[in-house]
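Take a short walk through this protein chain. Keep the structure open as you read.

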Amino acid sequence: MATPTKEWSKPEVRAVVRFLFSKGTKPSEIHKQIAETYGEGAMSRSRVYQWCTWFGEGRTSLGDEPKSGRPKTSTNEENTTRVEELIRCDRKMKIREIALKLEIPKKTKRDSMTWKHPSSPVIKKFKVQSSAAKVMATVFWDAKGVILLDILPQGQCINAARYCSTLDRLKEAIRRKRPGLLRRGVVLQHDNATPHSANLKQQWLQRYGWKILPHPAHSPDLAPSDFHLFGPLKRHLGGMAFETEDDLITLVDEETCAACDFNKPGARCQRKMPWMWRGEFMPATRNEFYRIQQQLENEKFPAMFPDGPTRAFHELPKEEQAAIEKKRLAEYCRKAYKKVHTTRIEQRTATICQRENSFYVDTVRAFRDRRYEFKGLTKVWKNKLSDAEKKNDAAEIKRANGLVVLYDSLQLAHKCILNSFYGYVMRKGARWYSMEMAGIVCFTGANIITKAREIVEQIGRPLELDTDGIWCVLPASFPENYTVKTNNPKKPKVTISYPGAMLNVMVKDYFTNDQYQVLEDPGSLTYSVHSENSIFFEVDGPYLSMILPASKEEGKKLKKRYAVFNFDGSLAELKGFEVKRRGELELIKIFQSSVFEAFLKGKTLEECYAAVAKVADYWLDVLYSKAANMPDSELFELIAENRSMSRKLEDYGNQKSTSISTAKRLAEFLGDQMVKDTGLSCRFVISKKPEGSPVTERAIPLAIFQAEPTVRRHYLKKWLKVQDASNLEIRDILDWEYYVERLGGCIQKIITIPAALQSVSNPVPRIPHPDWLRKKMLERNDIFKQKKINEIFAPREKVVQESVGNYSSEDEENRNENGQSSGVRDIEDIAGTTSSSRKSEILGHAVSHKRKLEQTRNEQIQSETSGDWREILGPVPPIGDTKEQRQIWAQYLKKKWAIQMQKHQENKKRRLNEDDNFLSESKRGPTRDLTGFLRRTARSILDMPWQIVQIMETSHPGQFKLWALIGSDLHAMKLNVPRTFYVNQKTPKEGEGAMWKRVHRTLPRSHQVLYLYQYDVPEDVYIKHINDITADLSSPDIEGVYETQVPLEFRALVKLGCVTTVNREFAKSMEGRV
């Protein structure tokens, strides 16, 4: 393929188009040939078609047509003469005055200058003082934000060289902030100032391949910054004075505190806090929205008044236009993207002013302190109630009981108000509306609960997480309360909750505000700074039990639903269940109020679920028997649903629900006046007819059963769509399967699904398990299922020796501490046996291993005195030239190799013996020989497998603490994990570096492997030079960078696994290094 011509002109290319078009070549083929000869940028495809059309119409000129330019409306001979006459009369006349007299638009801003001819003498002016200094800022930005803010130093001006140096800084900023953009290509847009169009700048752009976005013809010489940046910035900074240049630069970045008098360098009144932003938007693009708008412009809409003309879309009111656009866009997204909304969550940072009026904070603190006061009074009167019950004082019991209820209600009311504060500020009608504040409260609270969960998981198990607390189970051996005796006679004892103190220490360490400021002197506006933390954990309990329901859907959990019981069997807290909801079936309410108490019966799990199943079976019998032994009034109370309508019936439009159907049917036989107001109470039951209709159309008002028999039969036949009026009794009308399903769903969540998850057979067989749970149970009980390895092997029973004399030296050599053959012990077997058996084992091992150790040491001494092969065989004979000399040399080498092999076997045997000695001596206790202990420890680390227990991150980047079980001891090692990533280059590198080497790997998504190199960089070096590394990896010569975001913990786990050993060759090569 020929190389494209680099130098060409437009007339030359147009002449080629004319020549090929005259020969009958198609425009598409002409464009292809021009692109091959002159390059892709010579002429676009559409331009080729345009010139072919002009040549076909008879055009012969190859140059551009002359342009009229912008029309001149003010510069003519008449206006020039009139302006000159005015200037001769008054040379101090300003442009604004000339424009007003001659009715000519003003063109420049230089109003204070005087008019003169070129031959006029120079006018002398008085010297004025220098004006306030100005700062020139050059801002480069894109759709994602500001890329570079370059401040021009005082005394300099913008010229071509200065602008090129600014572009160099822009290039580096793009490399850091927009990785990959330089490789894709940069398109720059700026105005037509002289430094922007200089040859030096053009050469710079050509050298780096940047493109300039041209201005349209006859457009003003402006850039987007003139509209979207400079104007709002001028209005924002108007009327402000700055002492230094740094103050102004800092202020531009801190928009929130721009108008604050305290915004000075080093001020600590701004606290940055994160919060989570979540937004919903339609997935359609902007171009798709524009197409929908164009379609609406071509449509006609109904007239505003009857018999009026139809209206175009632009003639509609703005509110109606927005509603139609939103509806049409939602329909388009539902069809094209299969969803209407897309949710995006991102973490943002807000600035909290520490010197703002503290009215809101003081209000919340006052409510909190008042709640603590009521809680304290509740405890006081509970103690007085206990004393009154001991004395059997009826009057005092009544008084104390009333005050306990009063103070407990007050503290709960204050708790509800406190919990609603952050919800109030996120409402747009709130007096202190602040979405950021509500987000910070929620995000900080979530972080506190997350930290608390991490602590609880180390000592117990969390059960339920709430927005303001955590339910957990702690071991019985864990300390609960500490009582401290004091010298204060009013409070001789102080009880400290250890779990609460433990969590409060965490809150202090992570969530203390060290910038809290209090106004000390309002006159001088003096503030004091101190640390503030008003967040405390309170420990409630312990409790007898906690009941948690399960979800009917696979993989989901029910939040904020639980029942907690005290040790006396009373219900301490109930949250989230239907028993507390208004309008719920009374059947489900009664069932739940009685089923929770049944969980306290029975001593085993099976007995507990059997007691609970009795309650469920009772109410299932009521439904399956159609309440045969129950009066109609009780049946109505049991299965009737009660819903309230918050709006008028006509406001619901075409919506469908059981309440709306009930209200419409009430209006049929009671009149429209009964349903015209809001707050209508709808009591209804669900019928089984019309069959096949949705539940919303089968709601029957309960009031119809209290009407006269003829009226009742008429409307029931109409609503049920039946002709026979003989079976219109309540028990024949009701959809009993619907109510069984409603009760069955509640039974599944509370009884059957939790029982199945705890390997208990279905206690209520009439309520089947969901399909996903049935499948999981079949997989768990499948006898043909392949077993796991931990199901095949089980730990062998510990062999307990009856006496010391039962051990022999042979048994000791072939038996380890578990009575099994020698090998690597499992981590679960570390606990050993009972103390008595272990004492006998230790005593039995002591005698045998002592003799064995002495024998091993004797063999070691004898081996060391024998010397090496040089002392035994003497010097190495020469190879020689004759056959006899070569045989002598070969025999010498064979003897040398035999001695070396014997020495190797002796060393190996000695190491194994030392390992056995180490295992036996470790059970006797610490050795008295420090040198031997260190040697055996080092030998065990090198020879024995490491069972990795934990890899814990440290404060040093890339360094972890590795806990490994080696033998019977737990060792802590320092583990350095480098940052490993792969770079795919287009050109090869020479040789190998200290941190990189060429490898062969398969890249993700089938990317082509060119020259792939693996980099292993220490994490601290990687973090320190991240900007330099990122800049180097943004080179156009690099095709891609892979695995830079792989966590170091994951890299260590993949490399090490759960059991690892030391590479002896590598350890030997590293011997002697630090």
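Glu1043 counts as partly exposed, because its relative accessibility is 37%, and partly exposed covers the range between under 20% for buried and over 50% for exposed. The model is predicted. Find Glu1043 in the loop between strand 27 (1038-1042) and helix 36 (1048-1056). Its backbone deserves a look. Most residues other than glycine have a negative phi. Glu1043 is not a glycine, yet its phi is positive, at about 65 degrees.

Now go to Lys626. This residue also has a positive phi, of about 55 degrees, although it is not a glycine. Lys626 sits in the loop between helix 21 (605-624) and helix 22 (632-639). With a relative accessibility of 37%, Lys626 counts as partly exposed.

Another backbone feature comes next. Most peptide bonds are trans. The bond from Lys689 to Pro690 is cis, with omega near 0 degrees. Pro690 belongs to the loop between strand 19 (681-686) and strand 20 (699-701).

Val484 is partly exposed, with a relative accessible area of 37%.

Finish with a pair of helices. Two packed helices are described by the angle between their axes and the distance between the axes. Helix 13 (residues 286-297) packs with helix 14 (residues 318-336) at an angle of about 120 degrees, and their axes are 10 Å apart. That angle makes helix 13 oblique to helix 14. Which hand does the crossing of helix 13 and helix 14 have? The crossing is right-handed.

Methods
Residues are numbered from 1 along each chain as its sequence is written. This is a predicted model: local features need pLDDT of at least 70, side-chain atom pairs count only at pLDDT 80 or more; totals for chains, interfaces and linings use all residues. Side-chain values use heavy atoms; hydrogens and water are left out. Buried means under 20% relative accessible area, exposed over 50%, partly exposed in between (1.4 Å probe, protein chains only). Axes are lines fitted to C-alpha atoms, for helices over the stretch in contact, and angles run from 0 to 180 degrees between N-to-C directions. Helices (H or I, at least four residues) and strands (E, at least two) are DSSP runs, numbered from the N terminus. Angles under 35 degrees count as roughly parallel, over 145 as roughly antiparallel, 65 to 115 as roughly perpendicular and the rest as oblique. A crossing is left-handed if the near helix is turned anticlockwise from the far one by less than a right angle, and right-handed if clockwise.
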